[in-house]
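Reader: Please take a close look at one helix pair in this model. I want the geometry, the contact residues and the cut-offs behind each term.

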Amino acid sequence: MLPPAPEQVTKTIETLYRSESGRVLATLVRLLGDLDVAEEAMHEAFAAALESWPQTGIPDKPRPWLISTARFKAIDGMRRRARFDGAQTDLIAHIEARINEAPPGEYEDNEEIEDDRLRLIFTCCHPSLPPEGQVALTLREVCGLTTEEIARAFLVTPATLAQRIVRAKALIRDKAIPYQVPVSLELSDRLGAVLLVVYLIFNEGYSAETTGAELSREAIRLGRLLLDLLPKPEVTGLLGLMLLQESRRAARTSPGGDLILLEQQDRSLWNKDQIAEGIALTESSLQSRRFGAYTLQAAIAAVHAESSSAASTDWRQIALLYDRLLRIQPSPVVELNRAVAIAMCEGPEQGLRLIDDLLARQELANYHLAHSARADLCRRLGRIPEARASYEKALALALQEADRRFLARRLEELK
């Protein structure tokens, strides 16, 4: 039997890297005890696959092959360095002992490998790391995105992104952050930090104009992974929320890239499969009675998803859900969203009064969506000079080009 063509092997390895690098790296971190050493060994293993598989064929079980090759590469590298640094000798002996303790077939044990992935996620999302470091490290080490891909998604240079990753790894090393899932007493608090990182990744993707879809997909993939590993109500709620929001992607912008508000969206473009899965997950989390903020946000998204139009939406139910959300997660942005829901069910005057109270507190003074919401309510009430002033303030604060085009268009319409 002839070996596969080199281009076919290369394509297979690229697919394996995206799907398996997180698993391979997680196991290597446990075996080798160092994130940098594990990452270097993993890349050497994939390079070795590119070199040998065109001649030998693709192994029946690629993941154990990659893990085994990577650990030998790591030990060989350490032995070479040990010739110049005697301190490496003890480290090599320690790592070899740890590897030799691994039971036969462990590299094929899916349950053990998924435990490794969970440990890696909690390490990358450790609260000792700055939020931007947590996000960058999670996308790099758990999702397998390249530094260039992450930098492009966050609109920073690859050098800036690489520095975030380097600093995060240094903190893990310097603070001796353990490679483990927190004990049950700490798990709730630490899980919250992990879910926040996943949601930050999703939100960045949801708001990005060009590269957002890939980030959103990675966040949803992370959400599925977490749900498989930790089937807790708030993990279920977060995945439901992300799917419900992502379901609207095709309807959120025009072919020219202009923003389309929820009430004007063509709902036939909403992804029905994502809506069905998102609603099922949300209902499952709500039934537990142990849900939190993500589940309540998912419930709000579900009300929108089940409505055929903005006019037929149960805005009173949405306002009640925001009331409950405010009790567990007080936030001026949640208050703003509640004010918009109140405006839809009780009239624009009521909503405008609530938004004016919010803006008077100065907490949302630099938030362009608060001024845009105020402008829309003034427009609906026929208070055109006030609407124009609020749209102008929102335009001055908006950063995304799609938002700026939308606000400029609204200003033009007021003429």
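Author: Angles under 35 degrees count as roughly parallel, over 145 as roughly antiparallel, 65 to 115 as roughly perpendicular and the rest as oblique. The model is predicted: local features need pLDDT of at least 70, side-chain atom pairs count only at pLDDT 80 or more, and totals for chains, interfaces and linings use all residues. Residues are numbered from 1 along each chain as its sequence is written, and side-chain values use heavy atoms, without hydrogens and water.

Two packed helices are described by the angle between their axes and the distance between the axes. Here the pair is helix 2 (residues 35-56) and helix 8 (residues 158-174). Helices are DSSP runs of H or I, at least four residues, numbered from the N terminus. The two axes come within 10 Å and cross at roughly 130 degrees. Axes are lines fitted to C-alpha atoms over the stretch in contact, and angles run from 0 to 180 degrees between N-to-C directions. Helix 2 and helix 8 are therefore oblique to each other.

Which residues make the contact? Helix 2 supplies L35, D36 and E39. Helix 8 supplies K169, I172 and R173. Contact means heavy atoms within 4.5 Å. By class, there are two nonpolar, no polar and four charged residues. Nonpolar covers Ala, Val, Leu, Ile, Met, Phe, Trp, Tyr, Cys and Pro; charged covers Asp, Glu, Lys and Arg; the others, Gly among them, are polar.

Elsewhere, L395 lies in helix 19 (residues 384-397). Leaving aside neighbours within four places in sequence, L395 touches R404, L407, A408 and L411. L395 and L407 are 12 residues apart in sequence and 5.9 Å apart in space, C-alpha to C-alpha.

Terms used: Helices (H or I, at least four residues) and strands (E, at least two) are DSSP runs, numbered from the N terminus.
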